[in-house]
Amino acid sequence: MRWLHYADAVRLLGGPPSGALAWDELLAALRGLDHTERLCAAHVVIAVTAYAEAVPVEVHDSAVPLPSPASREALAGQLETWYEGLGAERAAARRAVERYEELQRRLAAEVPEFGLWLQLTEPDGEASGLRRLENLLRVLGSERAVDDRRGALAAAYRAALDEPILRRAGAQFPALGTMYIDPVFRARAAEPGDRPSEEGWWADVPVRDDLAGFLAGYLMSPDARVAPLAILGQPGAGKSALTAVLAARLPPSAFLPVRVPLREVPADVDLQDQIEHALRGATGERIGWPELSRSAGGALPLVLLDGFDELLQATGVNQSDFLERVAAFQYREAVQGRPVAVVVTSRVAVADRARLPEGALVVRLEPFTEPQIERWLATWNAANEPALRGRGLRPLPPAAAHRFRELASQPLLLLMLALYDAQDNEVQRLAADELDAGELYERLLRSFAEREVRRGHPAAPDTTIAALVESELMRLSVAAFAMFNRSQLWITEAELDADLAVLSAGAEPAQPPAAGFRAPLTAGQDLVGRFFFIQRAQAVRDGEQLQTFEFLHATFGEYLVARLLIRLLHDLAAREAAATLPLRTTAADDALLYALLSFSPLTSRGTVLRFAASAVTEPSDRQRLQALTVRTFRAALRWTTSQPSAYQPVALPLADRHALYTLNLLLAAVTFGEVTASALFPEAPDPVNEWRRCLQRWQAAVDGYGWFSVASTVEATRIWHGTRRDLVLRAADVPAVEPVEGFWIHAIPADSRDRDMSGFRFEDHDLIQQTYQLRGEPIDDILRHALEPLLETMGLAVTSFGVLSEDRSQSAAHSLLKVWITTSLDEAPGEQLVDAFDAAVRVVTGSYPLVERPIILRSATVLLRMLSREADRLPHDDVVRWCRTLYREGSHCNATIHLLLLDCLLTARLSSPAARALFDELQAVGHDEPAPDPRLSRRVAAALVETGLLASDD
């Protein structure tokens with residue numbers, strides 16, 4: 001509800017204020033049950049009053065804009081536009097806005113909730129635990145009694161504030177109410193079809209630090225009753241903690257919060273049943289939603305649906321209409337006289353998996369700022385400092401945490417850093433050593449794994465502990481590959497169990513099996529249950545609990561993928577070195593490597609190859625592993641069929657698996673340094689052709705984004721090895737793109753006689769169109785679309801190349817386009833323009849012997865028309881030289897070209913004897929064909945008259 005009519009506002013207030021704005025009447029009218037409607041009405045009244053005072057005319061019933069909780073600053077502009085729509089001049093409209101703001105401040109001073117609704121309160125940079133929200137909203141509904149059921153809910157939610165943020169041995173965990181810090185955020189109104197998961201959608205939205213004020217204003221606005229508020233954040237950003245703290249802080253006299261953890265309620269029932277299930281979980285009573293809502297007595301019900309992303313992940317069921325169903329639920333409740341607000345939390349990455357309904361607002365939680373990190377650490381250290389000092393350790397200083405900002409900016413990952421440092425101040429030492437991310441992750445993960453291993457095997461010797469830790473990290477790597485090879489950020493429990501059974505058979509778990517009557521843990525539950533940096537998402541469907549797992553930070557999984565890759569390569573190298581046969585030329589059995597690397601390109605996760613590169617620092621190791629991957633690549637190309645594998649995370653054709661395996665071997669090879677195509681294909685007569693064939697197979701096996709990740713990672717430099725073309729391949733953050741060189745693409749080496757010719761041709765230009773049409777490749781079609789005007793009218797100009805020097809050639813089409821672009825840019829420097837024309841003239845004339853006459857004439861005509869427009873700003877001697885070349889070496893001429901040559905010379909003002917001599921020659925030769933362009937004829941005639949070379953009456 002973004003608008004309210006004046007008549008409706010007056011009706012809600014019980015009549016218009018008498019005469020001038022009567023504050024006593026207005027304030028009396030505001031004291032009612034439904035404060036939201038009356039606040040909106042008061043806003044409309046003062047907006048209309050401001051206009052009536054600024055523009056002394058009668059105001060008829062009109063829809064007045066209401067403030068949006070997402071952007072309070074926009075209201076002034078909306079009111080000004082509305083005032084102008086009523087007929088006010090710009091100056092009067094601005095006076096009305098100023099008067100409205102004055103009345104607004106007066107009303108906010110008299111009625112605090114009005115100021116809350118308009119978010120006129122100042123932000124509190126030190127806010128934590130949403131205490132300020134509780135203080136702000138305490139003025140609402142203070143006279144209302146709270147019944148037993150609301151009291152029971154409030155007590156249950158309030159108790160959560162006193163619970164520690166984590167129950168785990170080894171540290172003192174402060175309570176949620178003490179530890180929770182209000183996050184900074186962005187807020188934006190959304191429309192159906194918007195995509196809040198995309199970074200660009202938020203580009204112009206400012207970061208705010210007034211979460212308490214925003215939530216207070218939102219909950220008092222009519223928007224809250226129409227559509228849900230979606231709160232988005234990364235894993236570990238504190239979305240669930242926010243809903244828990246919000247439910248605890250809202251005063252029960254004014255609000256009726258119901259927190260619904262979607263992971264704990266049945267996923268296959270409707271929203272009302274889920275709410276009632278959550279009510280029973282919180283209070284132990286069976287409470288019907290309609291009855292509870294009716295008993296609110298003016299308090300606004302607020303349903304907090306926590307974990308939409310968990311619902312999606314755990315069930316795997318399409319929920320694209322989830323938010324629309326929430327809005328439909330709100331509409332039904334409003335019709336029944338039971339208005340309700342709803343908040344839904346979700347991970348950012350899956351935000352687009354549900355369509356946004358009309359009127360929805362979206363909030364994105366932002367990473368901790370440095371001051372927030374410092375405040376969090378101050379609370380943590382206050383609770384843990386005595387115990388740390390007793391063990392001879394120091395509290396974690398903010399400077400050390402800032403060193404690992406990517407982790408420290410998410411609350412749960414900051415907790416992980418603090419826990420790790422609490423063991424032996426390792427984070428502080430790492431910060432001082434300035435280790436890279438890979439070294440940090442290795443030590444973090446190894447530390448947590450060792451802690452869990454020692455808990456399960458307290459008496460084991462260090463050698464056994466080390467082996468068990470490595471086994472644990474390998475199993476974690478299997479979990480990482482389980483997500484990676486399914487192109488997901490999470491994995492279901494069943495999928496993880498299946499992968500562990502195939503890939504880590506025989507690996508001993510860190511914990512001994514539990515005794516008793518409870519069902520034993522599955523392999524996946526046993527693994528992830530010990531590491532709090534793996535998040536568990538769950539949902540209940542048909543009475544069965546479904547679970548998925550994901551790393552709190554995606555780069556943990558990417559590091560583990562790289563870690564296992566490097567260990568597999570080292571293992572292959574060791575087994576190959578141990579082989580006794582001196583004739584062995586291929587790598588040892590690579591079945592496990594094939595199983596893991598034949599489903600998804602390593603580039604599909606941005607940091608995998610960077611982690612792999614940083615893990616191998618010694619030049620000798622890099623050379624050894626690169627040689628191994630190249631040998632394995634060559635051997636894989638000789639397979640007649642792909643290797644079978646029991647590991648099948650997704651269904652792929654064997655041809656695609658083989659292609660992906662060889663692609664990943666290539667990616668691993670370039671990670672360790674440069675590789676040439678001739679090294680990859682040593683027996684090929686033309687390694688570039690073999691590379692091209694492999695590239696086509698790879699592109700066919702990889703989807704659009706996956707191929708983009710490959711193309712934006714591998715750089716290919718075109719070189720010559722004697723008379724053979726070759727490529728130098730390397731990994732690059734931003735691969736360089738070289739200009740296309742005609743000799744190289746046509747495989748014409750330096751000592752070929754073809755380089756002495758004036759030009760050469762590729763296959764028929766129709767083949768370009770036919771090949772693109774057959775392939776249907778989007779990238780091809782984009783280029784084809786751009787070139788269609790040339791291909792259709794001057795196709796041979798695209799495939800005909802002229803020789804510019806012994807090491808440079810270019811096509812006629814390229815030359816003409818270069819001139820066109822250069823002449824179209826006002827800022828193009830003169831030297832660049834001269835070079836463009838010079839190359840174009842040489843290419844067009846050089847390709848004449850190879851091209852049919854119509855294409856010659858069209859090319860020359862296009863070039864001369866551009867030259868005639870630019871002749872006055874080019875060196876006159878160059879213009880004359882180009883005209884002479886086109887006339888004498890082109891061997892073909894028609895009336896249009898004849899006139900264009902004259903036009904160019906006249907534009908150059910015949911400023912030299914050479915220009916006059918060529919002009920006289922053209923005049924003497926003349927041309928018998930009629931000129932098809934009368935405008936050109938008239939322009940040339942006018943120039944001749946102007947220079948006195950033609951009488952005006954001729």
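At what angle do the axes of helix α19 and helix α20 cross? Select residues 411–424 for α19 and residues 426–433 for α20 in this predicted model. Their axes cross at roughly 100° and come within 6 Å. That angle makes α19 roughly perpendicular to α20. To see where the two helices meet, show side chains: Leu417, Tyr420, Asp421 and Asp424 are the α19 residues in contact, and on α20 they meet Glu426, Val427, Gln428, Arg429 and Leu430.

Next, select residues 322–335, which form helix α15. This helix of 14 residues reaches 20 Å from its first C-alpha to its last, close to the 20 Å expected at 1.5 Å a residue. Color Phe322, Leu323, Val326, Ala327, Phe329, Gln330 and Glu333, the buried residues of α15. They lie on the same side of α15 because they cover an arc of only 155° around the axis. In general, residues three or four places apart point the same way, because an α-helix has 3.6 residues a turn. Now turn to the other side of α15, where Tyr331 and Val335 are exposed. Following α15 is Gly337, with a positive phi near 80°.

For the last stop, select residues 554–577, helix α25, and pick out Glu576 within the helix. Is Glu576 buried or exposed? Glu576 counts as buried because its relative accessibility is 16%, and the cut-off for buried is under 20%.

Terms used
Residues numbered from 1 in each chain as written. Predicted model: local features only at pLDDT ≥ 70, side-chain atom pairs only at ≥ 80, totals over all residues. Heavy atoms only, no water. Helix = DSSP H or I, 4+ residues; strand = E, 2+ residues; numbered from the N terminus. Expected span 1.5 Å × (residues − 1). Buried < 20%, exposed > 50% of the residue type's maximum accessible area, 1.4 Å probe, protein only. Arc of directions from axis to C-beta. Axes fitted to C-alpha atoms, helices over the stretch in contact; angles between N-to-C directions. Parallel < 35°, antiparallel > 145°, perpendicular 65-115°, else oblique. Contact = heavy atoms within 4.5 Å.
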